[in-house]
Amino acid sequence: MIKEFFEILRSSVARGLNEVKHHPMYLGCMVAVPVFAAVFFTTLLADGVADNVPSAVVDLDQSPASRSVVRTIDSYQSVDVKYQLDSYSQAMDYLRQGKIMGFVIIPEGFASDLLAQRKPELSFYINFSCITPASLMQKGYTTVSLMSNAGVMHGTLSGMGMTDSAISAMLQPYVTHMHALGNPWLDYGLYLSNSFGSTVLALMVMILTAYSVTVEIKNHTSQQWLQSAGGSMWMAVLGKLLPQTLIFFLSGWTMQLIFYGFAGYPLNCPMWQMVLAVLMLVVASQGFALTVSSLIVNPRMALSMCCLSGILAFSIAGLSFPVEQMYSGVGIVSWILPSRYYFMIYCNQALNGLPFAYSAPWYAAMIVFAILPSALLWHLKRKCLNPVYVP
């Protein structure tokens, strides 16, 4: 009995390996795309955060106070004043041409209005089509305006005879200390590279799983597929997906070596926890795709559903926007995607270094994804025994 089981398994796995061997596209999806994604994101976000966003200043006042504002803007890390222009129209032309991301207009009479406390206006114009650098530029402009206002108030109060300590207490009555837990460098790279890289991996797993299962129906080879597994749908699926699981797991492990070894991203937990997480991500994504393929035994529809789910994971799995702030109907959908659970494990374990028990439910959830198709394999088997391909 046991000998027969392993003989059937060997035959089924051999067929799965032969399929991988004769389809270069498989290796491209399993190795080239995930590893390229890891290298791409680590190099793209190597600086951690956007610095020296090109900017311009239109100084219509040309006073010592306005020049001080220009120097203060240029000293801000995220802003680089590349041009000092003469008019609003010229600045807008530069903005439309893509030479700058934003500009500041210092009005005529700025210094005199400032000293007379007539509240002169600094006008900011920012191109928000690229939201990350634009947000950093807006933060820089706002900080500079507050600093300029505080500088004028300091000079006025000093002229009235107040001491520096009294002025400081008035301008800043309390001191704040920000502690960025898990990401003290405020580095976009270590947050987004891991999240987007793992989502690319999950997308490739779902696409290849759905294709390799449903293509048997399209090619009318599903009966031979079942025959190679002794008529067992379990063994047929296991033999087909086991080689893919191993290769995808090795690719995911390579991605983690790039992230935590080469790029030096923080790993505040034992390495085995993240290795287990990437293995569970692969298996859970295969389970998700197999569930879809068992329900919709059609290559075009199954691939469309898996592609749509994988692409939506970039938006609704909480990688770039918190699920808690989404509309409730959209937020619920995020919990049916395996990428969401890997992301939660990454935040809990690698970034925050929490005890393993905090992430145990997310590991368990991915196990549920892996075993979910078992309830639908009977339907897949029925379609395989009577293959009908609908274009």
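Reader: Across which strands does helix H4 lie, and what is meant by its angle to S3?

Author: Helix H4 (residues 88-96) lies across S1, S2, S3 and S4 and runs at about 170° to S3. Contact here means heavy atoms within 4.5 Å; axes are lines fitted to C-alpha atoms, for helices over the stretch in contact, and angles between N-to-C directions run from 0 to 180 degrees. Helices (H or I, at least four residues) and strands (E, at least two) are DSSP runs, numbered from the N terminus. Helix H3 (residues 64-75) lies across S1, S2 and strand S3 (102-106), at about 145° to S2.

The model is predicted: local features need pLDDT of at least 70 and side-chain atom pairs pLDDT 80 or more, whereas totals for chains, interfaces and linings use all residues. Residues are numbered from 1 along each chain as its sequence is written, and side-chain values use heavy atoms, with hydrogens and water left out.

Reader: Why are S2 and S4 said to stand at the edges?

Author: The open sheet has four strands in the order S2-S1-S3-S4, with mixed pairing. Strand S2 (79-85) and strand S4 (123-126) each have a single partner strand, so one side of each lacks a neighbour in the sheet. The twist averages 25° from one strand to the next.

Reader: Why is the contact between Glu216 and Arg15 called a salt bridge?

Author: A salt bridge places a side-chain nitrogen of Lys or Arg within 4 Å of a carboxyl oxygen of Asp or Glu. The closest N and O atoms of Glu216 and Arg15 are 2.8 Å apart, so the pair qualifies. Glu216 in helix H8 (residues 188-218) and Arg15 in helix H1 (residues 2-21) are 201 residues apart.

Reader: Which residues are linked with this pair in a network of salt bridges?

Author: Arg15, Glu19, Glu216 and Lys240 form the network. Lys240 meets Glu19 at 2.6 Å, N to O, and Glu216 at 2.8 Å.

Reader: How is it known whether Lys240 and Arg15 are buried or partly exposed?

Author: Buried means under 20% relative accessible area, exposed over 50%, and partly exposed in between (1.4 Å probe, protein chains only). Lys240, at 2%, is therefore buried, whereas Arg15, at 24%, is partly exposed. Glu216 at 3% counts as buried, as does Glu19 at 10%.

How values were computed. Two strands pair if DSSP finds at least two bridges between them.
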